[in-house]
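User: I have a structure to read and I am new to this. Can you take me through it, feature by feature?

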Amino acid sequence: MKFHTAGEIDRAEEHYREVLRHRYRVPDILPLLAGIAALKGDTEMAIGYWNDMLAIKPDHLVALLEKGALVLKRGETDEAIRCFEAAAIVSPDNPLALNNLAVALVQASRHHEALDHFRRLAGLQPENIMLQHQVRRQTSRVVPFWHIPMLNDVHRNAAFEEAIKKVVAARGTSVQILDIGAGSGLLSMMAARAGATNIVTCEAVPVIAEIAKRIVAQNGFSDRIAVVDKISTDLVIGRDMGARADILVSEILSSDLLAEDVLNTFEDAHARLTNEGATIIPRAATAVGCLVESNVLNQYAFVEEVSGFDVSEFTQLAANRLPVHGTMTEWKRLSPDVDLQKIDLTQSKYAEEMRIVEIPVISDGIATGIVQWIKIDLAEGVEFVNHPDNYSDGGWLQILHPFPRPIQVESGTALQIIAGHDRSSLILMPLSSARN
């Protein structure tokens with residue numbers, strides 16, 4: 001240990017091994033040898049020592065955490081998750097165990113579970129801005145962005161409510177109603193407002209189901225609407241629903257009609273979840289289209305000659321469907337352009353960073369968030385900017401970073417925001433929200 005303290009790692013390792021051969025204080029020696037092996041870059045040896053430690057004491061917290069970190073670095077996400085899950089059982093509120101487990105779950109593309117752990121950790125450390133950012137980031141991964149624009153579609157909402165009111169009036173207020181794909185619970189609440197008293201709605205995404213339950217309760221319909229945290233094909237009559245439904249309501253149609261497993265969902269519902277003669281809302285859906293000619297859409301879907309080269313073969317890799325959208329220029333500027341985060345790509349290493357940026361306000365208004373674009377320094381005197389004033393619908397898009405809630409701002413003041421980045425994403429949030 002004197003050699004170790006003095007930085008003579010090789011001599012320390014030699015003596016630790018000699019002690020280990022005598023089987024003296026093995027639980028103390030194994031972590032020291034594992035640490036030296038990791039320091040020397042011998043991941044395999046370090047993992048071997050931690051395995052020996054866990055064979056002696058399976059609930060050794062440090063061994064579980066350290067082995068998990070090593071195997072995760074080696075790309076063995078399943079084994080890392082097992083280690084971190086065991087560590088979280090040993091120490092349920094351990095921030096390192098919960099954070100590492102969440103990170104490993106993200107790498108395994110198990111985003112729903114990762115979000116659960118990040119939310120739990122954020123509850124334990126409400127002042128941690130990085131955790132707030134991760135919660136919002138993972139939420140964005142598991143909750144499709146189109147939910148809110150869809151909820152704000154007045155014409156869609158009015159049409160569904162009109163249909164629901166007619167059907168409830170015709171079939172009676174006490175019949176069993178099933179709403180597949182709860183989302184916010186909006187369609188179920190429309191049915192309840194129409195007088196229906198026996199409504200079950202299911203939602204496959206746990207965090208959406210949780211929010212739907214809260215929304216239903218806040219609007220006073222908990223006694224009429226049951227939100228079930230399940231995909232519809234897992235619903236069981238007699239357990240999740242008292243009986244088969246006489247009214248089926250669902251809005252799981254996609255822009256191209258069938259992308260959200262519509263056919264399988266409705267087939268299963270008809271076979272298991274609804275009575276014969278049940279009323280279905282909507283009753284039918286039709287994809288309507290026409291042949292078109294458009295140079296703009298050609299540039300979106302195909303490629304031929306670029307910079308004097310024939311690259312038409314790349315069209316074979318083109319997507320089979322693309323969103324057609326406009327320039328989205330209908331917004332009011334409330335501040336001048338502000339540099340938010342610069343990354344020097346000539347550096348060899350990058351640390352996570354956060355700082356306070358003051359954005360001058362030049363016009364009164366209610367700030368939705370920050371519209372962000374990029375400026376690329378390609379070489380001396382060569383720059384690319386996708387500024388929204390003169391660039392739209394190109395390879396790079398402008399990005400809206402919405403605030404958690406709109407913020408009233410006044411001309412002549414400044415809005416303080418947290419700006420920075422983690423390993424793979426920008427962090428932009430108002431300082432007031434971060435403190436809250």
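User: Let's begin with the hairpin. How many residues lie between β10 and β11?
Analyst: Two residues lie between them in the hairpin. The model is predicted, so keep that in mind throughout. G381 sits in the turn and has a positive phi of about 75°.

User: In which sense do the two strands pair?
Analyst: Strand β10 (residues 375-379) and strand β11 (residues 382-385) pair in the antiparallel sense. Four bridges hold the pairing. To find your place, look at D377, which stands opposite E383 in β11.

User: Now phi. How do I read a positive value?
Analyst: Start from the general rule. Most residues other than glycine have a negative phi. Now the case here: R23 is not a glycine, yet its phi is positive, near 55°. R23 is placed in the loop between α2 (9-21) and α3 (26-39).

User: What about the peptide bonds?
Analyst: The general idea is that most peptide bonds are trans. Here, a cis peptide bond joins I281 and P282. Its omega is about 0°. P282 belongs to the loop between β5 and α15 (295-301).

User: Next, sheets. What is the order of the five strands in the open sheet?
Analyst: First a general point. In a regular strand the side chains alternate between the two faces of the sheet. In this structure the five strands run in the order β3-β2-β1-β4-β5. Their pairing is parallel.

User: Why is one side of β3 and of β5 left without a neighbour in the sheet?
Analyst: β3 (225-228) and β5 (274-281) stand at the edges, and each has a single partner strand, so one side of each has no neighbour in the sheet. Neighbouring strands of this sheet are turned by 25° against each other on average, direction ignored.

User: What is the order of the strands in the open sheet of three?
Analyst: The order is β8-β13-β14. Here the pairing is antiparallel. β8 (353-360) and β14 (426-430) stand at the edges with a single partner strand each, so one side of each lacks a neighbour in the sheet. On average, neighbouring strands of this sheet are turned by 25° against each other, direction ignored.

User: How many bridges pair β13 with β14?
Analyst: Five bridges pair strand β13 (residues 414-421) with β14, in the antiparallel sense. Find H421, which stands opposite L426 in β14.

User: Now empty space. How is it found?
Analyst: Rolling a probe the size of a water molecule over the atoms shows where empty space is left. Apply that to the whole structure, and the search finds one cavity of 30 Å³ or more. About 30 Å³ of space lies in this largest cavity.

User: Which residues line the largest cavity?
Analyst: The lining is made of H112, L115, D116, V142, P206 and V207. The elements that give two or more residues to this lining are α8 (111-124) and α13 (206-218). The largest share, three residues, comes from α8. By type, the lining of the largest cavity divides into four nonpolar, one polar and one charged.

User: And pockets? How much space lies in the second largest pocket?
Analyst: About 560 Å³ of space lies there. The second largest pocket is lined by 31 residues, and G181, A182, E203, I252 and E260 lie nearest its centre. Elements giving two or more residues to the lining are α9 (129-142), α10 (147-151), β1 (177-180) and α12 (186-193). α10 gives the most, with three residues. The lining residues of this pocket divide into 15 nonpolar, eight polar and eight charged.

User: Last topic, aromatic rings. How are they read?
Analyst: A pair of aromatic rings is described by the distance of the centres and the angle of the planes. For this structure, with ring centres required to lie within 6.5 Å, the count is zero aromatic pairs. A ring can still meet a charge. The charged end of R156 sits over the ring of F160, 5.5 Å from its centre.

Methods. Residues are numbered from 1 along each chain as its sequence is written. This is a predicted model: local features need pLDDT of at least 70, side-chain atom pairs count only at pLDDT 80 or more; totals for chains, interfaces and linings use all residues. Side-chain values use heavy atoms; hydrogens and water are left out. Rings of Phe, Tyr and Trp (its six-membered ring) pair if their centres lie within 6.5 Å; planes under 30 degrees apart count as stacked, over 60 as edge-to-face and the rest as tilted. A charge sits over a ring if NZ of Lys or CZ of Arg is within 6 Å of the ring centre and within 35 degrees of the ring normal. On a 1 Å grid over the protein atoms alone, a cavity is a set of points where a 1.4 Å probe fits but cannot get out, and a pocket is an open set with protein on both sides within 12 Å along at least five of seven lines; lining residues have an atom within 4 Å of a point. Grid points are joined across faces, edges and corners, and a volume is the space filled by probe spheres set on the points. Ala, Val, Leu, Ile, Met, Phe, Trp, Tyr, Cys and Pro count as nonpolar, Asp, Glu, Lys and Arg as charged, and the others, Gly among them, as polar. Two strands pair if DSSP finds at least two bridges between them. Axes are lines fitted to C-alpha atoms, for helices over the stretch in contact, and angles run from 0 to 180 degrees between N-to-C directions.
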